[in-house]
Amino acid sequence: MEACVANLVEPGSKVLVFSNGFFCDRICEMAKRNGGTVVRYEKPWGTTWTDAEAREVVLAERPNVVAYVTAETSTGVINSGKALAEAAHEVGALVIGDCVTSLGTMPINIDETGIDAAFSCSQKGLGAPPGLSPITMSPRAMEFIRNRKTPLQSWYLDLKLIDEYYGAQHRYHHTAPISMFYAVREAIAIAEEEGIEARFERHRQNRDAFVAGVEAMGLTMLVENGKRLPALQTPLLPEGITDAGIRKHLMEGDGIEILGGFGQLAGKILRIGIMGYGSRRENVLLLLDRLEKAFKAEGFAVKGSAVAAAESCYAAAPAAR
Ligand SMILES: Cc1ncc(COP(=O)(O)O)c(C=O)c1O
């Protein structure tokens, strides 16, 4: 994230950030630290923008850089980028896309969407250890970087230098963490063996089964159907139930770690990552069973069986794993 922002934002750049969660706030902060003037287009957390809204705001603001988060992990919402990127390119802006939670869990189609600078991580959808941030730059982004008016303040994040290291020149820049490269290479090989479409489908089916389960219990999802991430679910907490209470049962019982909301959603939601290798039928069923018990123990009147609802969801989609 910081490499993308530092390289594409110059002092005086106007940076339009599509803002509907915690991680876009981080992009705003980095853009400011790099001398950018930040304009935020805000949407309530848990919701997203329409294509028409995205287009309108980009054309009205005419920024130098547009940034958005493809999969907002703090709320569980999918943000679409095609309309925003199309409008950005019409006004000559470059597009930064946070792909941290989307890579390997849902289609991103970076070039087709029009993202110029994308960054992700090793530890979520790829299921490798944390430590590397894969990034990709469009030719347009590299051209901008090579012709910046002001030199980059950061030496280690200078993508011109990094390009010379990883490119044909192979000019020394830093000591590459090669054990991590092997780990990520293996994670990608595993994803390739599964097939990327099958992997996306697995995430979708496990999401749908999980949602069917929590809805059967009588919970409501924060994010509307059709906008929910395949990798992270955010049920709303009913009146009188705290995330700390639920989390304690899960952690003490089976060592299952889930999270609560933060920022605007603190105390209002659970955040449950079901991603990478962990996105599996047996995990979803175990989690639902323990969630049901935790909610009962906390005094919530559970309506119906979460596990039974998830099972019938899987039965309707026989390819689910
Ligand atoms: C959408 C998104 N962007 C950025 C980050 C930051 O990643 P890291 O914690 O690896 O720095 C996260 C982490 O959860 C994230 O979910």
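Strand 3 has Val-65, Ala-67 and Val-69 pointing one way and Val-66 and Tyr-68 the other, all of them buried (under 20% relative accessible area with a 1.4 Å probe, protein chains only). In a regular strand the side chains alternate between the two faces of the sheet. Strands here are DSSP runs of E with at least two residues, and helices are runs of H or I with at least four, both numbered from the N terminus.

This is a predicted model, where local features need pLDDT of at least 70, side-chain atom pairs count only at pLDDT 80 or more, and totals for chains, interfaces and linings use all residues. Residues are numbered from 1 along each chain as its sequence is written, and side-chain values use heavy atoms, leaving out hydrogens and water.

Strand 3 (65–69) has parallel partners (pairing takes at least two DSSP bridges). Strand 1 (14–19) joins strand 3 through three bridges, with Leu-16 opposite Val-66. Strand 6 (94–98) pairs with strand 3 over five bridges, and there Ala-67 faces Ile-96.

Now the pockets: on a 1 Å grid over the protein atoms alone, a pocket is an open set of points where a 1.4 Å probe fits, with protein on both sides within 12 Å along at least five of seven lines; lining residues have an atom within 4 Å of a point. Volume is the space filled by probe spheres set on the points, which are joined across faces, edges and corners.

| Pocket | Volume | Lining |
|---|---|---|
| Largest | about 720 Å³ | 25 residues |

Ser-133, Pro-134, Ile-135, Ile-162 and Tyr-166 lie nearest the centre of the largest pocket. For the second largest pocket, helix 11 gives the most to the lining, with four residues.

Conventions:
Buried < 20%, exposed > 50% of the residue type's maximum accessible area, 1.4 Å probe, protein only.
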